[in-house]
Every structure is written in structure tokens, then in C-alpha cells.
Amino acid sequence: MTEVQLHDVALVPERTLGAPADDGALRGRLTFGWDLLPADHGSAPADWLAHTRATPGREYRHLLLVCSFRPETPQAPGAFRHASLAVALATPDPAVRPVARLIDPGVRTRPAAAGPGTGLSFTVSTGIVDVGVERQPEAGPGREEWIVRGHGASQPDPQWEFRRLRRVPLVGDHPVAALVELVPGAVNTAEVLVAAELEHRSWGIRRYRARLGPASHGITLGP
């Protein structure tokens, strides 16, 4: 179990024709937090632990990221319809980069009717997220639709997409994670960016971006 402190993130609108002249950053709609854990941390999925044990000569970090989407307010209108979270892993040498060997979730789904999700379990209290391991629910009847989808396993640029469904708004806390294989003898970092689409009743669909985590240098993974 680990605790992740969430912090408010300002969403900066992309400038487009027809956008309101006073369209400033959107605040109070997205919070973000992260934690860096040892590869054998108890919250790691079983296949991650098996992977690290099978490759004892390599160094890994468990990078946990949490995006929390908040409902619209009169001061910050618009409903989230889609968002993406991208991680760029790097060292000072552009030719040598860390790799996200495994990611979680690959996909997180909901039944077409409302029901429990899958993947990491989490609870939130006063801006702190407790993250643990969740058992996969028994498969039930009906069609499953994805609400979170991951890409880029075994790549240096993993990313996740989040989307709303017809009966499931894009709100609440969404943890994702990567098992990062470090480059030995180098400073390994992760830069995190988010892009989001919000649907406004008067403006239509607006796109926003934000840089998450320590903006000046990214998240230091090791050594």
C-alpha cells in the first residue's frame, strides 16, 4: 500500500479560432500525483514481480501516476470527454533511454451497464490516494467497453488514454503505472504531459494541455 499526494494542475487551452478572448487556464478540474516505488513493492502486479525476479541483473523502478478528474463547476465549466497521459523516459544521452517494460493497465473496462472496474485498487481521502492490488472481478454477461487504455509496453514513451462512456462520466481517480528498466550509470528521468478534451455547452469541444510533476527537470527515477 502506498500514499500519493494529489496536487491541482492548471489546464492550458490550445488557442483556436473562435475561442473566447479571455479564455485562461482551467483550474480545479484535474489533480495529479506520483510516487516512485521499488520494483518489488507489494502493490506491484504478480507478473511484474515475476519479470523482475527473472532478470536479476537489471534495475527497475515502479512508477505510479494518478490523474484525478473533477466534475465541472460554474467557475470551471465543461465535461471531460477524452484525455491522454504521456510519459517520456530519458537520460542525458538521447541515444540511450529507459524503457517501460510493463504497463498497467493495458486496458481497464466497464460493463456497458454500470459495474466495477479492473486493475489497481484505490481509495481517496483528503487528497491522498491509497493504492493497492485489486482482484480481477469475475467475467459477467454483457459487453465490456474500455475507459482506460495503455500503449507502449517495452517502449520509452508509454501513454494511457481515458474516455467517458455514455453512462460513465470521466470523473474520479485513475491510477496507472509502469515498470521502468533503468539505464545503469545514468540519471534517468520521466517527463509527464497530459492532453484533455472538454465539451462546453456554449463553446463546443475545447482542447487543453498541461505538464505534470516537476516541470523543470521531470521526475528523477534513478540512480
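Let me start with a proline. Pro184 counts as exposed, at 71% relative accessibility. Keep in mind that this is a predicted model. Where does Pro184 sit? It is found in the loop between β12 and β13. Now look across to Pro98. Pro184 and Pro98 are 86 residues apart in sequence, yet their C-alpha atoms are 9.2 Å apart in space.

Now the charged pairs. How many salt bridges does the count come to? It comes to 11.

First on my list, Glu197 and Arg81. Their closest N and O atoms are 2.6 Å apart. Glu197 lies in strand β13, residues 188-200, and Arg81 in strand β5, residues 79-90, so this pair ties together parts 116 residues apart in sequence. Buried or exposed? Glu197 counts as buried, at 16% relative accessibility. Arg81 is partly exposed, at 31%.

Next, Arg101 and Glu181. Their side chains meet in a salt bridge at 2.6 Å, N to O. Arg101 lies in strand β6, residues 99-104, and Glu181 in strand β12, so the pair ties together parts that are 80 residues apart in sequence. Glu181 counts as buried, at 14% relative accessibility. Arg101 counts as partly exposed, at 26%. Arg58, Arg101 and Glu181 are linked in a network of salt bridges.

Then Arg61 and Glu59. They form a salt bridge, with the closest N and O atoms 2.9 Å apart. Glu59 is partly exposed, with a relative accessible area of 36%.

Stay with strand β12 for a moment. It covers residues 172-181, and Asp173 is in it. Asp173 counts as buried, at 12% relative accessibility. What does its side chain touch? The Asp173 side chain makes a polar contact with the side chain of Ser68, at 2.6 Å.

Now, confidence. The chain averages a pLDDT of 82. Of the residues, 79% score at least 70. Which element has the lowest mean pLDDT, and which the highest? Strand β8, residues 120-125, has the lowest mean, 47. Strand β11, residues 159-163, has the highest, 96.

Over residues 114-119, pLDDT stays under 50. The model still has 17 contacts there beyond four places in sequence. Over residues 121-127, pLDDT also stays under 50. Here the model has 18 such contacts. Where pLDDT is low, the predicted coordinates should not be read in detail.

To close, three things to look at on the screen. Find the Glu197 and Arg81 salt bridge. Find the network of Arg58, Arg101 and Glu181. Then find strand β8, with its mean pLDDT of 47.

Key. Residues are numbered from 1 along each chain as its sequence is written. Side-chain values use heavy atoms; hydrogens and water are left out. Helices (H or I, at least four residues) and strands (E, at least two) are DSSP runs, numbered from the N terminus. Buried means under 20% relative accessible area, exposed over 50%, partly exposed in between (1.4 Å probe, protein chains only). A polar contact is a pair of N or O atoms within 3.5 Å; within protein, one must be able to donate a hydrogen and the other to accept it, and residues adjacent in sequence count only if both atoms are side-chain atoms. A salt bridge is a side-chain nitrogen of Lys or Arg within 4 Å of a carboxyl oxygen of Asp or Glu. pLDDT is the predictor's confidence in each residue, from 0 to 100. Contact means heavy atoms within 4.5 Å.
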